[in-house]
Each structure stands twice: as structure tokens, then as C-alpha cells.
Amino acid sequence: AAVAARFGTGSLAAHQVMLQLWNFITLVLDSLAIAAQTLTGAALGAGSMAVARRVGTRVIGYSVAFAGLLGIIFAALNGVIPRLFTRDAAVLEAINNPWWIMIVMIILGGVVFAIDGVLLGASDAVFLRNASILAVLMGFLPGVWISYLVDGGLTGVWVGLLAFIVIRLIAVVWRFRSMRWAREGSALS
């Protein structure tokens, strides 16, 4: 928000509108992650890594489909949804480019949040913490700083947020495929 404010009040207001929408979307997508967490924990508690993997794969599929649907809705209503929050021309102009970045984040978030649920169900919170710290240090912060240095505006700030999601995506997909989460989760049971 501090960097967005440096680009003007229109950018700051646009950032706040988009950030609230993003927070809402993450909570919606997290609803599937909560189911994954519970089902994964139950499968690993019963000693079945195969069932835990099938649950994870299925929840990822559902979450991607749901996130894709949300992405289509937000793309189709790109001229409508922002106007529910403001009629200010400067704010609407500032939202225009970052809006499409947020849509990409919604779709990628479908994978990230579903796998988060699987990993949390396997008690793999330490990995998630470390991946998140890495994503902030390697993606978000450099993206925001570069945006500030090159006058990238709100689009640059959201590119930093996208970099955070992409790094987390790479980390959680790698972790899910490795099955270390299932072996370590089974050992805890």
C-alpha cells in the first residue's frame, strides 16, 4: 500500500479495492483447502498415503476448475465489478491493468491454496512457512521495489504479488509431487 500510495491517491484507492477483492477470493478458494486439510489428515491418520495423494489430486482439480470459473467471471465483468466500488475515473483507470494480473493470480491460487490445504493436513506447516518467506523475499519485495524504482505504478505492485504467488506455486507443486509431505505426515500419526 505504501508503494501504491507513491503513485497517487487513485492508485492507492485502486489497490485497496483490488486487495479487498483478492482477500475475499482467497477466502473462497480456501474453503476447498479446508476440505483438503481434513481429508488429507484423515487419510494419513489411517496410514494411507495413496488415499491422501488421491484426495490431494482431486481437490486440486476441483479448486482449479472453481478458480477458472472465478477467473472467467472476473474477466467477463472487468468493467462492472470495479464500478461497484467506485465511479472515480482515476481509480478505475489505475485498476485496469492490474485487474488482469489479479485474474491470473486467481487461477494460480486455485492450485496454491488447494495444495496448502493438503500440506496443512499432513502437518507440513514448516515447509509452507519457509516457502512463503522465500516467496516474499524473492518475489514480492523485489517486485515492489523494482516497481518503485522504474515507476511501474500499481501494475508493478501487482506484478510483485504475482511473483509471490508464482514462487509459492512452484514450491507447493514440487512438494506435492515429491510425496515427502505424505511420508512425514504418516510418521506423525
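Helices α2 and α3 are roughly antiparallel to each other, a term applied to angles over 145 degrees, with those under 35 degrees counting as roughly parallel, those of 65 to 115 as roughly perpendicular and the rest as oblique. In this predicted model, α2 (residues 9-45) and α3 (residues 49-76) pack at an angle of about 165 degrees, with their axes 9 Å apart. Axes are lines fitted to C-alpha atoms, for helices over the stretch in contact, and angles run from 0 to 180 degrees between N-to-C directions.

Contact (heavy atoms within 4.5 Å) involves L21, I25, V28, L29, L32, A36, L39, T40, A43 and L44 on the α2 side, and M49, V51, A52, V55, V59, Y62, S63, F66, A67, L70 and F74 on the α3 side. Of these residues, 19 are nonpolar, two are polar and none is charged. Ala, Val, Leu, Ile, Met, Phe, Trp, Tyr, Cys and Pro count as nonpolar, Asp, Glu, Lys and Arg as charged, and the others, Gly among them, as polar.

A second pairing joins α4 (residues 89-121) and α5 (residues 125-149), which pack at an angle of about 140 degrees with their axes 8 Å apart; α4 and α5 are therefore oblique to each other. The residues in contact are D116, L119 and L120 of α4 and A125, F127 and L128 of α5. Five of the residues in the contact of α4 with α5 are nonpolar, none is polar and one is charged.

Helix α6 (residues 153-178) comprises 26 residues and extends 38 Å from its first C-alpha to its last, close to the 38 Å expected at 1.5 Å a residue; the expected span is 1.5 Å times one less than the number of residues. Just after α6, M179 adopts a positive phi of about 65 degrees.

Overall, the protein contains seven helices and zero strands, where helices (H or I, at least four residues) and strands (E, at least two) are DSSP runs numbered from the N terminus. The C-alpha trace spans about 55 × 30 × 15 Å along its principal axes.

The mean pLDDT (the predictor's confidence in each residue, from 0 to 100) is 90, and 93% of residues reach 70 or more. Confidence is lowest in α1 (residues 2-6), at a mean of 57, and highest in α3, at 95. Where pLDDT is low, the predicted coordinates should not be read in detail.

Residues are numbered from 1 along each chain as its sequence is written, and side-chain values use heavy atoms, with hydrogens and water left out. As this is a predicted model, local features need pLDDT of at least 70 and side-chain atom pairs count only at pLDDT 80 or more, while totals for chains, interfaces and linings use all residues.
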